[in-house]
Amino acid sequence: MKNLIVRFASVYVFDVVVLLVIGWLTPARVGLHALWAAVILTLAALFLKPLLTKAATSLSASGTKFVQYLAVFAVELIVWILTVWLSGVTAGNVWGWILPPVILLIGWVVYDQVDDALSRKAGELYDAAGARISGSRSGSRGAGAAPTASTSEARTELDDGLTPEQRRMFDELG
């Protein structure tokens, strides 16, 4: 739950900033309506990415990203149209309808790359901490043969039932 709250807050702030940039760079006028529009974008981002990742598991990593970005663009276009229609946001001219979803997509791509890198790093840190904790527990049990690399790998595999290759593939899924 804590992870979801932190993630919601970070995506929300990111979306507000992107929407304000849209207001500055395009003929569209966003103003304070960016605050509630960011809620819709954030909810879509938090639920869309995992669903698309699960749906596109048979595709390559780049194919999965392409499907995600295409779906995100479609959702952002719909959200932008609804935002303009239901709020005080004005699109201005044709570019006020076209550029904001493109800018939102670029913002999403940047956020997605940062999020994936942070998730990877957090996973590495978590694995390293888990290895140190299990190492200190096994060291306190008493004297015995020093564990080799293969026995450590075997213990890790027994813990979660995954091979290192399977673990790597799950990490790439996001």
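## Overall picture

Of this protein's 174 residues, 26% count as buried, where buried means under 20% relative accessible area, exposed means over 50%, and partly exposed is in between (1.4 Å probe, protein chains only). You're looking at a predicted model, so local features need pLDDT of at least 70 and side-chain atom pairs count only at pLDDT 80 or more, while totals for chains, interfaces and linings use all residues. Residues are numbered from 1 along each chain as its sequence is written, and side-chain values use heavy atoms, with hydrogens and water left out.

## Helices and contacts

Helices (H or I, at least four residues) and strands (E, at least two) are DSSP runs, numbered from the N terminus.

Now for contacts, meaning heavy atoms within 4.5 Å. Take those between residues at least 6 apart in sequence: 67% of them join residues at least 24 apart.

## The surface

The protein exposes about 11400 Å², and carbon and sulfur atoms supply 71% of that. Accessible areas come from the Shrake-Rupley method with a 1.4 Å probe; for residues, only the protein chains shown count as cover.

## A nonpolar patch

On the surface, L77, I81, V94, W95, W97, I98, V102, I106, V110, V114 and L118 form a nonpolar patch with about 980 Å² of accessible area together. Two elements give two or more residues to this patch: helix 3 (61-86) and helix 4 (94-139). Helix 4 gives the most, with nine residues.

L77 sits in helix 3, and it counts as partly exposed because its relative accessibility is 31%. Like charges are joined within 9 Å, and nonpolar side chains (Val, Leu, Ile, Met, Phe, Trp, Tyr) within 5 Å.

Note on methods. Patch = residues over 30% accessible without salt bridge, like charges linked within 9 Å, V, L, I, M, F, W, Y side chains within 5 Å. Salt bridge = Lys/Arg side-chain N within 4 Å of Asp/Glu carboxyl O.
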